[in-house]
Amino acid sequence: MFRDTRAFSGFAVDDLSTARRFYGETLGLEVTDENGLLTLRLGGGTAVLVYPKPDHTPAVFTLLNFPVDDIEKAVDELIARGVEFERYQGFTQDGKGIARDSGGPPIAWFRDPAGNILAVLEAPGP
């Protein structure tokens, strides 16, 4: 029934202006604003809807994962832009917050200004 639909994901934030700056300037994504909603344009043509919710409660799980070729470089660039990385019990993370022995690729988690959890992970190219 939905096999050929162009499904998309979305999530809430408490302040669209702050989200626009963070996703557009800090993360460098293409962000469009239409009808009081934001659309994040990700690589590969993927679109993610960001909508305002005044009583927003941050998700307790990772909403977006950003695969990169070089996690060290990506984390360094994000730190230079003011991003702080999360520390989680049960993961061995280095001084930058990168977990390398998690059973998957090297990964580091951070939050957007609304408190939603995002991650950058090292994934080999095609």
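The model is a predicted one. Its largest pocket has a volume of about 280 Å³, and the structure also holds 1 cavity of 30 Å³ or more. Among the residues treated below, Asn116 is buried, Glu122 is partly exposed and Gly43 is exposed.

**The largest pocket**

- The lining of the largest pocket is made up of 14 residues, and those that lie nearest its centre are Leu27, Phe66, Val68, Ala74 and Leu78.
- Two elements, β5 (62-68) and α2 (71-80), each supply at least two residues of this lining, and α2 gives the most, with 4 residues.
- By residue class, the lining of the largest pocket divides into 8 nonpolar, 1 polar and 5 charged residues.

**The largest cavity**

- The largest cavity has a volume of about 30 Å³, and the residues that line it are Val13, Asp14, Asp15, Thr18, Ala19, Asp112, Pro113 and Ala114.
- The lining of this cavity comprises 4 nonpolar, 1 polar and 3 charged residues.

- Asn116 is found in the loop between β6 (107-111) and β7 (117-122), and it counts as buried because its relative accessibility is 1%, where the cut-off for buried is under 20%.
- The side chain of Asn116 makes a polar contact with the side chain of His56 at 3.4 Å, while a polar atom of the Asn116 side chain lies 3.3 Å from the backbone nitrogen of Ala59.
- When neighbours within four places in sequence are left aside, Asn116 is in contact with Phe11, Ala12, Val13, His56, Pro58, Ala59, Leu63, Phe110 and Arg111; one of these, Val13, also belongs to the lining of the largest cavity.

**Aromatic pairs**

- Across the whole structure, a search finds 5 aromatic pairs; one of them is formed by Phe85 and Phe110, with an edge-to-face arrangement, 5.6 Å centre to centre and 65 degrees between the planes.
- This pair links distant parts of the chain, since Phe85 lies in the loop between α2 and β6 and Phe110 in strand β6, the two being 25 residues apart.
- Both members of the pair are buried, Phe85 with a relative accessible area of 12% and Phe110 with a relative accessibility of 1%.
- Elsewhere, ring pairs link Phe11, Phe22 and Tyr23 into a cluster; of these residues, Phe11 is also in contact with Asn116.

**Glu122 in strand β7**

- Glu122 has its place in strand β7, and it is classed as partly exposed because its relative accessible area is 27%, which falls between the limits of 20% and 50%.
- The side chain of Glu122 reaches the backbone nitrogen of Ile71 at 2.9 Å.
- Leaving aside neighbours within four places in sequence, the residues in contact with Glu122 are Val68, Asp69, Asp70, Ile71, Pro105 and Pro106; among them, Val68 is one of the residues nearest the centre of the largest pocket.
- The C-alpha atoms of Glu122 and Leu40 are separated by 21 Å, and these residues are 82 residues apart along the chain.

**Gly43 in the β3–β4 loop**

- Gly43 lies in the loop between β3 (37-41) and β4 (47-52), and it counts as exposed because its relative accessible area is 65%, where the cut-off for exposed is over 50%.

Key: Residues numbered from 1 in each chain as written. Predicted model: local features only at pLDDT ≥ 70, side-chain atom pairs only at ≥ 80, totals over all residues. Heavy atoms only, no water. 1 Å grid on protein atoms, 1.4 Å probe; cavity = no way out; pocket = protein on both sides within 12 Å on 5 of 7 lines; lining within 4 Å. Points joined across faces, edges and corners; volume = space filled by probe spheres on them. Nonpolar A, V, L, I, M, F, W, Y, C, P; charged D, E, K, R; others polar. Buried < 20%, exposed > 50% of the residue type's maximum accessible area, 1.4 Å probe, protein only. Polar contact = N/O pair within 3.5 Å; in protein donor to acceptor, adjacent residues only side chain to side chain. Contact = heavy atoms within 4.5 Å. Phe/Tyr/Trp six-rings, centres within 6.5 Å; stacked < 30°, edge-to-face > 60°.
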